[in-house]
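This report examines a predicted model through its pockets, its interfaces and its salt bridges.

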Amino acid sequence: MKSVVKQEVLALNGDEAVAYAVKQSDVDVVAAYPITPQTIIVEKFSEYVANGEVETEFVCTESEHSALTACLAASATGARAFTASASAGLALMHEMLFVTSGCRAPVVMAIANRALSAPLNIHGDHSDTMAQRDSGWIQMYVENAQEAYDSIIQAFRIAENLHVLLPVIVGLDGFTLSHTLENVQTLSDEAVKKFVGTRQFPKVMSHEGKTVPFRLDPENPMSMGPIALPNYYFEFKRQQEEAMRNALSVIQHVNEEFGKISGRSYGDGLLDPYMLDDAEIAVVCLGSTAGTVKAVVNELRADGVKAGVLRMRTFRPLPVDGIVDALRKVKAVAVMDRSMSFGGSGGPVFHEVRHALYDLPAHPYIVNYIYGLGGRDTSPTQIRQIFEDLRGIVQTKRVESSVKYVGLRE
Amino acid sequence: MFSEWKFTAKDIAEKPDLFLSGHRACAGCGPATVLRLIMKAVRGPTIVTNATGCMEVVASIYPYTSWATPWLHTAFETAAANAAGIETALKIMKKKSKIKQEQIDVIALAGDGGTYDIGIQALSGAVERGHDFLFVLYDNEAYMNTGIQRSGGTPLGASTTTSPAGTAIPGKLEHKKPIADIMVAHGMPYVATASPYYWRDLLVKVRRGIEVNGPAFLHVFAPCPRGWRSDPAKSIELSRLAVETCIFPLWEAVNSEYQLSAPSKVMALSPQKKKLVKEYLQVQGRFRHLFTPKYEKMLGDIQRITDERWQRLLKKCGITQPAKTA
């Protein structure tokens with residue numbers, strides 16, 4: 001794809017790339033609380049505010065709980081709202097994540113993915129966002145700072161789409177992406193503003209029987225966030241699920257549209273396959289790890305091994321059909337999880353992929369690798385070993401252990 | 001500092017309600033009366049946000065609502081954070097011409113649980129940041145929505161379902177947290193207490209809280225017949241007795257300067273008019289056990305503590321004349 005607008009290359013780390021995208025996205029309210037490794041986002045944004053570079057109100061709240069609440073309330077009032085967090089901060093928001101999605105407030109949040117306590121650990125893994133899997137937020141994971149920048153811009157379009165109206169988390173791996181400097185191609189302020197557009201509101205029927213925009217407006221009074229008893233609650237939840245289904249095609253469309261102005265797109269927006277067409281063995285993973293896996297795949301391909309990667313860019317909504325299509329011909333799949341589901345049968349991504357493939361008449365062997373917890377490095381050698389394991393499974397037609405741990409002392 | 005707002009009872013009666021009838025509050029509900037009165041004092045377009053609690057639950061059962069003004073509920077501890085978000089959104093949207101109205105006021109409502117306890121962090125943070133909103137605490141002195149559990153606002157000696165008066169313990173052993181004083185200590189521009197019997201005083205204070213630039217806090221006494229085991233017909237009478245006994249004195253602190261309000265000034269200037277707390281306590285079932293030989297000592301404690309607090313308040317208000325118990 002060819003870019004249709006002029007772009008400027010800036011040296012940004014992942015957090016700075018996020019802050020820069022927010023700066024360009026005509027955001028009305030940013031409410032946030034500092035936490036490593038997200039802090040650079042709020043620091044950078046505070047600088048923009050201090051220097052008068054943004055038309056945004058920045059609220060430095062006394063907790064993450066209030067940060068998300070303020071964003072939710074601002075969004076209900078009609079503002080475009082953004083926040084950022086990580087780890088314990090996201091865990092503290094837990095209650096309000098459900099309220100935000102239930103109120104259908106299209107808040108966008110960047111998460112610099114980090115391990116959860118205890119023991120205390122500030123480094124990268126996916127425990128924080130995976131623990132919020134069922135909170136009704138769209139979840140996207142990026143591979144590098146460039147994608148962090150691009151995805152934040154896309155996230156506003158996705159969240160605010162009238163067929164979606166759901167909050168979006170964009171996850172970037174703590175330190176690996178949040179603190180690592182990269183060359184990032186940036187669009188002009190005008191191009192981003194145009195792409196994001198102004199926030200639209202769905203028309204709903206108010207208690208007065210009038211059709212009015214869905215926001216807090218004294219001219220069209222509406223009660224938002226009411227109590228719903230067993231006679232209505234269930235329907236609210238079903239509608240959220242419908243919105244999640246709708247998000248699948250909206251994410252694809254926004255990814256495509258963004259490609260037209262930037263020259264960059266990420267697979268179909270949901271899944272980003274690499275060398276999968278004729279692959280016999282494949283690794284499924286999220287986030288920055290995909291870069292390492294792709295490098296290993298290149299080496300294996302040079303040796304004539306038919307290896308491939310499926311990077312899951314969108315984890316919620318889960319692109320089930322895409323996963324099935326991408327992996328139906330593969331003989332053995334390794335799913336990499338950077339978090340644990342204690343007492344479960346493997347990690348959360350593994351559960352999803354194995355479940356998605358269950359209905360295939362003949363599905364591939366599927367094994368799980370738990371890796372990188374608390375920021376532990378995962379090397380190309382370890383990835384190569386995973387592919388080696390997969391080749392062994394294909395040859396022997398035997399899975400010794402469906403869940404393995406990468407680089408762990410046992 | 002405040003505009004002159006003159007009104008008659010007729011003016012108020014004729015002003016359209018923003019908190020409408022049809023809600024499912026109990027007979028004699030103090031908070032429902034308080035909310036209706038508060039909404040009579042707004043000066044223009046107003047957005048209300050409500051913590052989880054009785055008033056949220058009785059007035060917003062989907063698909064019905066008692067709110068004729070925009071209203072938002074998100075969670076129990078979030079009334080002040082909601083107000084912060086709404087106020088911030090209005091400010092920037094006005095600046096960017098995304099809304100037409102010149103001025104939209106923001107009122108946050110919470111009960112004692114949502115203010116003294118689970119909501120105090122968000123409240124303190126929002127006040128420290130200086131958001132322009134009025135926070136109204138309707139204080140019915142326990143978690144009534146979940147069935148009368150004790151809160152930081154429950155008074156000494158009250159029997160609740162988590163501080164029951166038993167054979168060993170005479171109800172709640174701890175004091176009511178001085179929440180309004182805590183708010184004054186934030187250095188905020190306007191803090192006041194009010195009671196629905198003195199409706200005119202309440203309305204003026206609501207209007208002042210709205211008019212003041214920056215955060216305002218209004219602590220409103222709100223009897224709960226179910227939780228207090230009191231006669232539903234006596235809620236307003238109780239809200240008068242609480243002031244006459246100086247259990248709940250009425251005052252204002254403008255920029256931290258305390259001043260007694262007229263109904264309480266009467267008790268300061270004519271101490272003989274100050275009633276014994278017994279008169280207030282004996283008409284409520286939650287204090288029934290205090291009128292038994294086993295626990296009657298606590299009655300004396302409550303009178304002593306009430307007098308001490310009253311004296312401290314008089315001092316803060318610059319009134320030197322000691323008020324004697326009638």
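## Pockets and interfaces

Because domain 1 (8-201 + 238-262) and domain 2 (271-405) of chain A both contribute residues to the lining of the largest pocket, that pocket lies between them. The domain bounds come from an automatic or database domain assignment. This is a predicted model, in which local features need pLDDT of at least 70 and side-chain atom pairs count only at pLDDT 80 or more, whereas totals for chains, interfaces and linings use all residues. Residues are numbered from 1 along each chain as its sequence is written, chains are lettered from A in the order in which they are written, and side-chain values use heavy atoms, with hydrogens and water left out.

A pocket is defined on a 1 Å grid over the protein atoms alone, as an open set of points where a 1.4 Å probe fits, with protein on both sides within 12 Å along at least five of seven lines; lining residues have an atom within 4 Å of a point. Grid points are joined across faces, edges and corners, and a volume is the space filled by probe spheres set on the points. The two pockets are set out below.

| Largest | about 1,500 Å³ | 27 nonpolar, 14 polar, nine charged residues |

The largest pocket has 50 lining residues, and A:Gly102, A:Cys103, A:Arg104, A:Phe236 and A:Gln240 are the closest to its centre. Two or more lining residues come from each of α4 (87-102), β9 (203-205), β11 (223-224) and α8 (233-262) of chain A, and from β2 (71-73) of chain B. The greatest contribution is that of α8(A), with nine residues. Helices (H or I, at least four residues) and strands (E, at least two) are DSSP runs, numbered from the N terminus.

For the second largest pocket, the lining comprises 30 residues, with B:Lys176, B:Cys246, B:Ile247, B:Pro249 and B:Arg309 nearest the centre. Here α13(B) gives the most, with eight residues.

Between the chains, the contact (heavy atoms within 4.5 Å) takes 43 residues from chain A and 41 residues from chain B. About 3,400 Å² is buried between chain A and chain B, and carbon and sulfur atoms give 64% of this area. Buried area is the accessible area (1.4 Å probe) that two parts lose on being put together, summed over both. Seven salt bridges are counted between the two chains, a salt bridge being a side-chain nitrogen of Lys or Arg within 4 Å of a carboxyl oxygen of Asp or Glu. B:Lys96 and A:Asp28 form a salt bridge at 2.8 Å, N to O.

Within chain A, the C-alpha centres of domain 1 and domain 2 lie 27 Å apart. These domains of chain A bury about 2,100 Å² between them, 52% of it on carbon and sulfur atoms. A:Met130, A:Arg133 and A:Glu143 supply 28% of the area that domain 1 buries against domain 2, more than any other three residues. Four salt bridges are counted between these domains of chain A. A:Glu143 also forms a salt bridge with A:Arg311, with 3.0 Å between the closest N and O atoms.

Technical notes:
Ala, Val, Leu, Ile, Met, Phe, Trp, Tyr, Cys and Pro count as nonpolar, Asp, Glu, Lys and Arg as charged, and the others, Gly among them, as polar.
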